[in-house]
Amino acid sequence: MKRKNIISTIAMLAVTLIVSGCSSLGGGSTEDTAIRVGSKDFTENLVVSEIYALALEDAGYEVERIPSIASSVVHTSLTNDEIDLYPEYTGTGLLVVLEMEMETDPQKVYDTIKAEYDEQFDLTWLDYAEANDSAGLVIKTSVAEKYGIETVSDLQEHASELRFASQGEFDQREDGLPGLTKAYGEFNWKSSTVYDNSLKYEVLKNDEADVAPAYTTEGQLTNKEEFTVLVDDKKFWPPYNLAPVIRNEVLEENPDVAEILNNISSTLDTETVTGLNAKVDVDGEEYEAVAKEYFDSIK
């Protein structure tokens, strides 16, 4: 009898293991079936990834959020199947991930990275948004109006009358002052002082400097009475348009995800994204609340 009981127990355990295995293969839990939406570790990427997540949930998908991944490893997280998609920038894909030559035409950049990512990584770039988080230069609006400065060419002509707030590395990088000098000519500043990047808007506001490097969707730039972004009239900087990058396997299993996320991208221009950043970085709102408010407004 004892032997029969042992055999019966073993048989029951085997059946349990088989059923359990089938259940996990079939994706019975949220973790197995959820689309994993990642983000980089800064405001804009957090907000946009949350908008992606809300749109997917609104369409009936289970979503697992994996926020605040270091920019240096987020691409690897995608290729290692740790996340399924995240918001990326076209210029980053071209210059950082693919390590290709600089290109300033947005469509050419997109076409190149779309083809290379598919071939090299089995990843798809969905439609890119008009929103362009590129490098740029910000000037005090009062100074811009005083000297009639609207473009980087105008700035170069008046550099000797202006105080530059550098962040140190900007003076060394090829996509910083050295590259600008090659494109526009020498910038013979009245003075150049190194400040911490996080302080640049306070430095400008407190009249300690006139011009500083910036990114074109920083929330503080909504204050146009104080700050003006100069037009890169010689198109020195490459485009950094926002777009979802997704694993091909996930897209093949869920083809409607493309339309869901492309619809989101179609609503995001530079002014809109700058405004979303401002609500978090200037007004102090939580990024999840900002994303939800925006998604509800475009539904």
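Modeller: The account below begins with the aromatic pairs and then turns to their surroundings. The model is predicted, so local features need pLDDT of at least 70 and side-chain atom pairs pLDDT 80 or more, while totals for chains, interfaces and linings use all residues. Residues are numbered from 1 along each chain as its sequence is written, and side-chain values use heavy atoms, with hydrogens and water left out.

A pair of aromatic rings is described by the distance of the centres and the angle of the planes. Rings of Phe, Tyr and Trp (its six-membered ring) pair if their centres lie within 6.5 Å; planes under 30 degrees apart are stacked, those over 60 are edge-to-face, and the rest are tilted. The structure holds nine such pairs. In one of them, the ring centres of F42 and Y89 are 6.2 Å apart and the planes meet at 25°, so the pair is stacked. This pair links distant parts of the chain, 47 residues apart: F42 is in the loop between β1 (35-40) and α3 (43-58), whereas Y89 is in strand β3 (residues 85-89). Helices (H or I, at least four residues) and strands (E, at least two) are DSSP runs numbered from the N terminus.

The two partners may also be described by accessibility. Buried means under 20% relative accessible area, exposed means over 50%, and partly exposed lies in between (1.4 Å probe, protein chains only). F42 is partly exposed, because its relative accessibility is 29%; Y89, with a relative accessible area of 3%, is buried.

Another pair, F236 with W237, is edge-to-face, at 5.3 Å centre to centre and 65° between the planes. Both F236 and W237 are buried. Ring pairs also link F164, F170, F187 and W189 into a cluster.

K40 lies in strand β1 and counts as buried, because its relative accessibility is 4%. Contact means heavy atoms within 4.5 Å. Leaving aside residues up to four places away in sequence, K40 touches Y89 and others, among them Y86, P87, E88 and T92. N45 and L46 are also on the list of contacts of K40.

The buried residues of α13 are V273, T274, L276, N277, A278 and V280.
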